[in-house]
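Visitor: I would like to learn how to read a structure like this one. Please show it to me and take the features in turn.

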Amino acid sequence: MPGKTVQTETAEAFGRTFIKGNIPEINSVRCLGCRNCVNLCKKLGPNVLDIVDGVAKPVRPQNCIGDGACMLSCPTKAIFLMSKYDPAAPPVAV
Ligand code: SF4
């Protein structure tokens, strides 16, 4: 049975292999702009997020390794899902 070939890019971090391609969806209503996710992501290395207009945004989405650390750091669960990163269709606020 013919299979579908899927191209994946991986990243090595924390002694593990992550499949790149997803970025965090950030709920701008729930986000407090506390920088927990920004600071953690920067400290861990990918440095994907920053605060823009008072809320967290994935300003360097190409860096995301999809480890989900930002989700665990958020006190309001503003980051609840990871979604497919498509460079042709940058993420919009949810
Ligand atoms: S941790 Fe949550 S509330 Fe704080 S800046 Fe990030 S998304 Fe916003």
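Guide: What follows goes from the whole chain to a helix, a core, some loops and a ligand shell.

Guide: This is a predicted model, in which local features need pLDDT of at least 70 and side-chain atom pairs count only at pLDDT 80 or more, while totals for chains, interfaces and linings use all residues. Residues are numbered from 1 along each chain as its sequence is written.

Visitor: How many helices and strands does the chain have?

Guide: Helices (H or I, at least four residues) and strands (E, at least two) are DSSP runs, numbered from the N terminus. Here the chain has 2 helices and 6 strands, and along the sequence they follow the pattern β-β-β-α-β-β-α-β. The C-alpha atoms fill a box of roughly 50 × 30 × 20 Å, taken along the principal axes.

Visitor: How do I read a pair of strands, and which way do E1 and E2 run?

Guide: Two strands pair if DSSP finds at least two bridges between them. Strand E1 (residues 10-13) and strand E2 (residues 16-19) are joined by 4 bridges and run antiparallel. Ala-11 has Phe-18 in E2 as its bridge partner. The two strands form a hairpin with 2 residues between them, and Phe-14 in the turn has a positive phi of about 55 degrees.

Visitor: Which residues of H1 are buried?

Guide: A residue is buried if 20 or more other C-beta atoms, placed from the backbone, lie within 10 Å of its own, exposed if 12 or fewer, and partly exposed in between. By that count, 19% of the 94 residues of the chain are buried. An α-helix has 3.6 residues a turn, so residues three or four places apart point the same way. In H1, the buried residues are Cys-37, Val-38 and Cys-41. They cover an arc of only 100 degrees around the axis (the arc of the directions from the helix axis to the C-beta atoms), and therefore lie on the same side of H1. Asn-39 and Lys-43, on the other side of H1, are exposed.

Visitor: Which residues have the most contacts inside the largest nonpolar core?

Guide: A nonpolar core is a set of buried Ala, Val, Leu, Ile, Met, Phe, Trp, Tyr and Cys residues joined through C-beta atoms within 7 Å. The largest one has 14 residues, and Cys-37, Cys-41, Leu-49, Cys-70 and Ile-79 have the most contacts inside it. Strand E3 (22-26) and helix H1 (36-44) each supply at least two residues of this core. H1 gives the most, with 3 residues.

Visitor: Where is Cys-64 found, and is Cys-64 buried or exposed?

Guide: Cys-64 is in the loop between strand E5 (55-58) and helix H2 (69-73). Cys-64 counts as buried because 24 C-beta neighbours lie inside 10 Å. Two residues are in contact if their C-beta atoms, placed from the backbone, lie within 7 Å. Leaving aside neighbours within four places in sequence, the contacts of Cys-64 include Lys-20, Pro-46 and Tyr-85.

Visitor: What is the phi of Asn-47?

Guide: Most residues other than glycine have a negative phi. Asn-47 has a positive value, near 55 degrees, and is found in the loop between H1 and E4. Arg-35, in the loop between E3 and H1, has a positive phi near 75 degrees.

Visitor: Which residues come nearest to the ligand?

Guide: A residue is near a molecule if its C-beta atom, placed from the backbone, lies within 6 Å of it. Of the 14 residues around the ligand, Cys-31, Cys-34, Asn-36, Cys-37 and Cys-74 come nearest.
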